[in-house]
Protein chains: 2
Amino acid sequence: MRGISRRDFLSAVGVAGGAGAMFATMGALGLAPTAMGAPAYVPPRPSDFRLTGRAAAKVVVLGGGIAGLASAYELGKAGYDCTVLEARDIAGGRNFTVRGGTRQTDLDGNTQVARFADGEYMNAGPARIAQWMVTLDYCRELGIPIEVFTNENASALIYNEQAGMTAPVRYRTAKADMYGYVGELLAKATNQGALDGDLTAVDKERLLTFLQDWGSLGKTDYRYTGSFRRGFSPDPGAADQTGTALGPPPSLSDVFASNVGRTFSFEFEYQYAMLMFQPVGGMDRIPAALVREIGPGRVRTGCVVTGITNRDDGVSVTYICEGVQRRIDADYCISAMPPNITARIPHNLGADVQAALAAFPVEKVGKIGLEYRSRWWETDYRIYGGITETDMDVEHIWYPSHGYHGPRGVLIGYYNTKEDAVAYGQLTPPQREARAVAQGVKIHGSKYRTELASSFSVAWHRTPHIESGWSILFGTQPYELLNRPQGRVYFAGDWLTWLVTWQAGAFDSARRVVTELHQRVLKT
Amino acid sequence: MRGISRRDFLSAVGVAGGAGAMFATMGALGLAPTAMGAPAYVPPRPSDFRLTGRAAAKVVVLGGGIAGLASAYELGKAGYDCTVLEARDIAGGRNFTVRGGTRQTDLDGNTQVARFADGEYMNAGPARIAQWMVTLDYCRELGIPIEVFTNENASALIYNEQAGMTAPVRYRTAKADMYGYVGELLAKATNQGALDGDLTAVDKERLLTFLQDWGSLGKTDYRYTGSFRRGFSPDPGAADQTGTALGPPPSLSDVFASNVGRTFSFEFEYQYAMLMFQPVGGMDRIPAALVREIGPGRVRTGCVVTGITNRDDGVSVTYICEGVQRRIDADYCISAMPPNITARIPHNLGADVQAALAAFPVEKVGKIGLEYRSRWWETDYRIYGGITETDMDVEHIWYPSHGYHGPRGVLIGYYNTKEDAVAYGQLTPPQREARAVAQGVKIHGSKYRTELASSFSVAWHRTPHIESGWSILFGTQPYELLNRPQGRVYFAGDWLTWLVTWQAGAFDSARRVVTELHQRVLKT
């Protein structure tokens, strides 16, 4: 998710990068079908047991988020007898889509019931899927239609209040100006010979040709003096309606000072580059389909795990369901709950496991859905989806990627982390709404308040049975320990992957655990 | 459309740009709802006639493309008696969606019948709509659902054969390398003081901060040595699956020589920047809705205009329908045919009008739809939509923006203009298919051939009753003359706008002509 510090994430990932390839084959490296994604996954099959004479085992899965559901789904393909225990009243975990009627009470006692109109929803947790992610394979396999998630939009806005901006600018305008000035500066240095030690004559010619086109620079002077790329008002049209280009651009110093380039690199990142996708109708189409395939009777909601006992010949799990203490015995257990929740549950897996679970940090994350009774961002601003970036405490404002031209729509009014998420999370839901709306009014004016119909907010760190946005500790000793089975208990979740915060991580963790468990069963 | 030389187009548009605004208000200029788009359009209303006592007139519209249909639709709102004569067997003009069963015979006698499976289609003419375009307003007004048109995709490819590339690279990889080296060069020049005359100390600091993030440069040395933005193979995943970053990058000279930056500016252009949109189900949902609103009996297909006679009290138009010569008399005429077609029809509008019509040039444009029996670009390449750019004669390859994960799909195998369109247009449809497939195989390998199910190609310059992709002559004397009514004959079409090649131009031209005609009727 966006909130994570990408620099830190990628720096950590970077430890492993580096195996090289020559230019000619480089493209092919990333393109050859066999080289795509992780090592080929082969799901367990009923036929796997024919030769061995063994049978599928009984597995209890703790936590009905994506990792837990995917584990039960994959094991179910080979006939494993799986039971999923989910503490919340609906499966999916952080994959949580809020619709009209959705009710939630947080740890501070705030109860919200969403009043969204029919067809309106917000994906309160994961909301975007990159093309390379295994999540799309599950959408295909499960028959879940997908559509573009609008992660970037040239018509969306940038508003850096702290940098002194007094009005938002569109991404297209900001980009034209930044790239124009960057191009002009580099062309100047190149033409003045400042880079002669780095560039051959041919390099220089090619670079200048590129910069002229890329920066929309003057044909002879390589200067940036504005561009049609900034936009028009009014637009070009019929007869003598030539359109009026927005301009002239602010000075180089003013553009740099506005800090509009701060978020340009977002769209380059491997996880965030467009095109991105979402299930049609809400992200919870994924857990709903998994539950359907697992068999609804096997996923027990409202069941809170109270103890895990590993034995030589099996696992016992105690839990409370509808006020009654129960126990389930199984051959194996997959614990797919968040580490911070698991750390509170009595178990006999030892001090090292307990220390490892407790080591995983908790991230504060918040989101609010603002339902409007008109889609004024489309009609008034011609913004059809995408994200407006701010340096205010709301951080990002998302316009909906579905329901275009419909009667209503739900904006994400904030999606924030750390201190911003703490600040909003401490407020009551009406206070959060008021604060988020006051920020949005600075960008979009009074309709941001007057057209509001309802809202629903989630503070993940204050949400029962989850209590965290995500937990980042990959590549460390606790991470490695919990990625190994502890007796007959396996751990699964995005927090045990290099794709932490992503459903793809939860899916891949499930696949890994399922593969290991299945191989063990076949050998036993 | 992409095929048009954007530089030339924008240079022409540029004549009119320039009215300035200060930085603080600049954002607002392009953002204020009242400043959006062209001057507010008010459609004719029945009530307009109440005070004057006059009645709506009878209007014959020549050509059932978007301009003609929109004219009849708008006039119909006030009760005008409109008849649309369309030479082809279906309304829409270049807004032409090919589905299974679509039949077309070109001027060279090639007859094609599309064999696409149910649900598969290609938009052979206009295919994309920018957020600011009036076309979206018509989609909303007419109740046509829209979805994202995937005009750009970081996972799509670049393959510059003429530049010596031996394998395609993904956009994300090419962009990481170009921006990495551009950033490194500018950081170096800046740090060496080469731009001290242009930059204050604060400017320099801000620029370096930007370049480091934007180019993914080293934290202390500002060097580009590769980036996770290039992509991974395999991808990050569970446990010890850290992912392997593609790398190392080719040298600066190799990157520049590959000319991958050639098309980077495409996504900055006002007409092409994402997000873009398309009607769900095919672009012809628009003419279909217009015909429905106009009233099907008023749109007569298969009727070829043979003469236009302007008189003081009306207009007479002769035409051939089902082999029979007919005549229609009306108060006014809107000629919404392509200028090259109109120039061949006898009329009494004078030599100046004839010369002006004949002055409009004809553009050669071709497109082929390649239907595949699997969506291998999604499963094997993880490319979900977008455009692969080449410097080969196919120019662009489009992946479909709909039907993700479906059983089949239609690629646009070429979308080309000028000599490339002529070369393909001269071939028979099977020859076009073979040539396009041979080019695509260089990029995608053998599946580009073996998975092919069928194809359908259009050479617009060889298509009866159209015979041109588009006609660019805006801002000239012939353009100005034909934008004025000639007696009781008005001309309409995208060729009479500063949005030539776009449906938005056709709509805006129709609005303008309808407004002028209506004002004249009210005054008469």
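Predicted model: local features only at pLDDT ≥ 70, side-chain atom pairs only at ≥ 80, totals over all residues.
A:P234 sits in the loop of chain A that runs between α7 (201-215) and α8 (252-258).

Most residues other than glycine have a negative phi, and most peptide bonds are trans. Against that background, two other residues of chain A are worth a look. A:Y222 is not a glycine, yet its phi is positive, about 55°. A:Y222 is in the loop between α7 and α8 of chain A, and its relative accessibility of 19% makes it count as buried, because the cut-off is under 20%. A:R382, also not a glycine, has a positive phi of about 50°. A:R382 is placed in the loop between α12 (376-379) and β18 (386-390) of chain A and is buried, with a relative accessible area of 7%.

Which way do the residues of strand β11 point? A:M276 and A:Q278 point one way, A:F277 and A:P279 the other. All four of these residues, from the strand spanning 276-279 in chain A, are buried.

Strand β11 pairs with β7 (residues 129-130) of chain A through 2 bridges, and the two run antiparallel. Strand β8 (residues 146-149) of chain A is also antiparallel to β11, with 4 bridges joining them.

## The nonpolar cores

The largest nonpolar core has 164 residues, and A:Y80 and B:Y80 are the members that touch the most others. Setting aside neighbours within four places in sequence, A:Y80 is in contact with A:F49, A:A56, A:A57, A:V59, A:L75, A:L517, A:H518 and A:V521. Another core, of 105 residues, lies apart from this one; among its members are A:A156, A:V182, A:F256 and B:F268.

## A buried helix face and a buried threonine

Helix α13 (residues 418-425) of chain A has five names on its buried list: A:D420, A:A421, A:A423, A:Y424 and A:G425. What covers these buried residues? The cover includes β17 (365-372), β20 (409-417), α14 (429-444) and β21 (452-459) of chain A.

A:T102 is in the loop between β3 (97-99) and β4 (103-105) of chain A, and with 15% relative accessibility A:T102 counts as buried. A polar atom of the A:T102 side chain lies 2.9 Å from the backbone nitrogen of A:R99. Beyond its neighbours within four places in sequence, A:T102 is in contact with A:F96, A:T97, A:Q112, A:V113, A:A114 and A:F456.

## Where the chains meet

The size of an interface is often given as the accessible area lost when the parts come together. Here, chain B and chain A bury about 11,200 Å² between them, with 64% of it on carbon and sulfur atoms. On the chain B side 128 residues are in contact with 128 residues of chain A.

The rule finds 6 salt bridges across this interface, and also 38 residue pairs in polar contact. Helix α6 (residues 171-191) of chain B gives the largest share of the side that touches chain A, with 10 residues. A:D198 forms a salt bridge with B:K188, their closest N and O atoms being 2.5 Å apart.

## Salt bridges throughout

How many salt bridges are there over all chains? A search of the whole structure finds 54. One of them joins A:D81 and A:R298, with the closest N and O atoms 2.7 Å apart. A:D81 lies in strand β2 (residues 81-85) and A:R298 in the loop between α9 (285-294) and β12 (299-300) of chain A, so the pair ties together parts that are 217 residues apart in sequence. Both partners are partly exposed, A:D81 at 32% relative accessibility and A:R298 at 33%.

A:E293 forms a salt bridge with A:R292 at 3.0 Å between the closest N and O atoms; A:E293 is partly exposed at 42%, and A:R292 is partly exposed at 46%. In chain B, B:R311 forms a salt bridge with B:D313, the closest N and O atoms being 3.2 Å apart. B:R311 counts as partly exposed at 31%, whereas B:D313 is exposed at 54%. Finally, A:E74, A:K77 and A:E141 are linked in a salt-bridge network.

Key. Residues numbered from 1 in each chain as written. Chains lettered and ligands numbered in written order. Heavy atoms only, no water. Buried < 20%, exposed > 50% of the residue type's maximum accessible area, 1.4 Å probe, protein only. Pairing = 2+ DSSP bridges. Core = buried A, V, L, I, M, F, W, Y, C linked by side-chain atoms within 4.5 Å. Contact = heavy atoms within 4.5 Å. Buried area = accessible area lost by both parts, 1.4 Å probe. Salt bridge = Lys/Arg side-chain N within 4 Å of Asp/Glu carboxyl O. Polar contact = N/O pair within 3.5 Å; in protein donor to acceptor, adjacent residues only side chain to side chain.
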